[in-house]
Amino acid sequence: MFFGTTNLDLCFNVERLPTPGESLMGALNRNPGGKGANQAVAAARLGLRPHFYTRLGDDDAGQSLLQSLREAGVCADAIESCPGEVSGSALVLVGDDGANMIVIDPGANLNVTPGMIDRAAEFIERDAIVVAEMGMPIPALNRLFEMKRDREFDLIFNPAPVRAGLSSTAWRNVDFVTPNQTEAFELTGVEVHDFDSAAHAAGKLLDLGPAAALITLGALGAYYADARTSFALRAFPVKVVDTTAAGDAFNGAFAASLAQRLPLREAVKKALAVAALCVTRRGAQSSMPNGEAVDEFLKSQTILEL
């Protein structure tokens, strides 16, 4: 089950990202997005039927976003559509080199309360994989993380965007924390630019309380560490078209792979493959590959373990 945000993405494809004060011409597309929604769709495209909790407005955007989630195979029973509220939205600029800039108006996502988490928790099955991202209000996340021991689920926490306020108890309930390089730096003060620095940052992350740290390093790959073991996997080389939602693709695929009982290293490898395919396509949810495409991609690739 995924907990997180859903947004309508207003995506401008531009030749390059603008500098301050500069105006550029671009092509506009409207796509469903939001970190939690993207992650849930990534898992659904791999053949799962994940539950998802999010909060939508009762506007046209909310209706479209809900329909898109259902069509992707996400179970929408826990999703709230809220009268009088506006759905979240994001302005995404994507350059021809795949780099992006994003500004988010959270809308209804901002109004999630601990009581709403209590209601949504009815959909968490025992021994489930639960994934949460940091776009939801911190009190709601603290409440969700407090439920872990009673509900007996495994918790993957994608700390994006990084914000203060998560309790020390909540951190200790995390099974896997999955920041990218920037988020790892914001959480630890360690600049992550290679696998050695990732190992240093991972140690700092474990000091916060999680059982394991899994840091994504973009085109370099991913680094994993827990109290007993550590390993690094290099990314698959691909031609980058759009990096939007690459981290969401990774997190959704990692959760799906664990739910499918893949061994840990294989789960990370598959998540890297899904992220690699994601960046070869434009958009967020529209870029998430299905299981067949991932299997074919893996058959054609090799990966180096460090």
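In what order do the eight strands of the open sheet run? They go E4-E1-E9-E10-E11-E12-E13-E14, with mixed pairing. This is a predicted model, where local features need pLDDT of at least 70, side-chain atom pairs count only at pLDDT 80 or more, and totals for chains, interfaces and linings use all residues. Residues are numbered from 1 along each chain as its sequence is written, and side-chain values use heavy atoms, leaving out hydrogens and water.

**The sheet**
- Strands (E, at least two residues) and helices (H or I, at least four) are DSSP runs, numbered from the N terminus.
- Two strands pair if DSSP finds at least two bridges between them.
- At the edges sit E4 (52–53) and E14 (230–234), each pairing on one side only.
- E12 (residues 212–216) and E13 (residues 221–226) pair in the antiparallel sense over five bridges.
- Look for Ala-213: its bridge partner in E13 is Ala-225.

**Two helices packing**
- H7 (residues 181–188) and H8 (residues 195–208) pack at about 55°, with axes 10 Å apart; axes are lines fitted to C-alpha atoms over the stretch in contact, and angles run from 0 to 180 degrees between N-to-C directions.
- Ala-184, Leu-187 and Thr-188 of H7 make the contact with Ala-201, Lys-204 and Leu-205 of H8 (contact means heavy atoms within 4.5 Å).

**Salt bridges**
- The whole structure has 10 salt bridges, each a side-chain nitrogen of Lys or Arg within 4 Å of a carboxyl oxygen of Asp or Glu.
- One joins Lys-35 and Asp-248 (2.6 Å, N to O).
- That pair links distant parts of the chain, with Lys-35 in H1 (residues 35–45) and Asp-248 in H9 (residues 246–259), 213 residues apart.
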